[in-house]
Amino acid sequence: MGDFEERQVGALRIRIDRQLCVGFGDCVTGAPEAFELDAEGLAVFRQPGAVERAHLLAACDACPVDAITVWDETGAQVVPAASPEPGRD
């Protein structure tokens, strides 16, 4: 398997960076229908299309090392959320 695993789920493009993943499994805990840990202990897709969008986004956002990136239908990154510039809130 390569460094990235990517799926189109509805209007969302979701990428798992297997180089960043350390196998905490927070995505699996958040959406076990969508993700699982493989034999190497790294996140892979199961059936992400079977999960409601908000629930799927929350599971992706739960990754403590930001190994999962999500872009919306406009191509804007929605997970992880962009950090505000210093001095801006």
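I began with Arg 13 and Glu 6, whose side chains meet in a salt bridge, 3.4 Å from N to O. The model I am reading is a predicted one. Arg 13 comes out as partly exposed, at 27% relative accessibility. Glu 6 is also partly exposed, at 37%. I then followed the network: salt bridges link Glu 6, Arg 13 and Arg 15.

Next, the rings. The charged end of Arg 13 sits over the ring of Trp 71, 3.9 Å from the centre. Arg 15 lies over the face of Phe 4, 4.7 Å from that ring's centre. I looked for aromatic pairs and found one.

Back to salt bridges. My count is seven. One of them joins Glu 36 to Arg 46, with 3.7 Å between the closest N and O atoms. Glu 36 is in strand 3 and Arg 46 in the loop between strand 4 and helix 2, so this pair ties together parts ten residues apart in sequence. I have Glu 36 as partly exposed at 35%, and Arg 46 as partly exposed at 44%.

Another joins Glu 73 and Arg 53, at 3.5 Å from N to O. Glu 73 belongs to the loop between strands 5 and 6, and Arg 53 to helix 2, so the parts tied together are 20 residues apart in sequence. Glu 73 is exposed, at 52%. Arg 53 is partly exposed, at 38%.

Last, cavities. I searched the whole structure and got one of 30 Å³ or more. The largest cavity holds about 100 Å³ of space. It has 15 lining residues, and those closest to its centre are Cys 21, Gly 25, Asp 26, Cys 27 and Cys 63. By class, I noted twelve nonpolar, two polar and one charged residues in the lining.

Key:
Residues are numbered from 1 along each chain as its sequence is written. This is a predicted model: local features need pLDDT of at least 70, side-chain atom pairs count only at pLDDT 80 or more; totals for chains, interfaces and linings use all residues. Side-chain values use heavy atoms; hydrogens and water are left out. Rings of Phe, Tyr and Trp (its six-membered ring) pair if their centres lie within 6.5 Å; planes under 30 degrees apart count as stacked, over 60 as edge-to-face and the rest as tilted. A charge sits over a ring if NZ of Lys or CZ of Arg is within 6 Å of the ring centre and within 35 degrees of the ring normal. On a 1 Å grid over the protein atoms alone, a cavity is a set of points where a 1.4 Å probe fits but cannot get out, and a pocket is an open set with protein on both sides within 12 Å along at least five of seven lines; lining residues have an atom within 4 Å of a point. Grid points are joined across faces, edges and corners, and a volume is the space filled by probe spheres set on the points. Ala, Val, Leu, Ile, Met, Phe, Trp, Tyr, Cys and Pro count as nonpolar, Asp, Glu, Lys and Arg as charged, and the others, Gly among them, as polar. A salt bridge is a side-chain nitrogen of Lys or Arg within 4 Å of a carboxyl oxygen of Asp or Glu. Buried means under 20% relative accessible area, exposed over 50%, partly exposed in between (1.4 Å probe, protein chains only). Helices (H or I, at least four residues) and strands (E, at least two) are DSSP runs, numbered from the N terminus.
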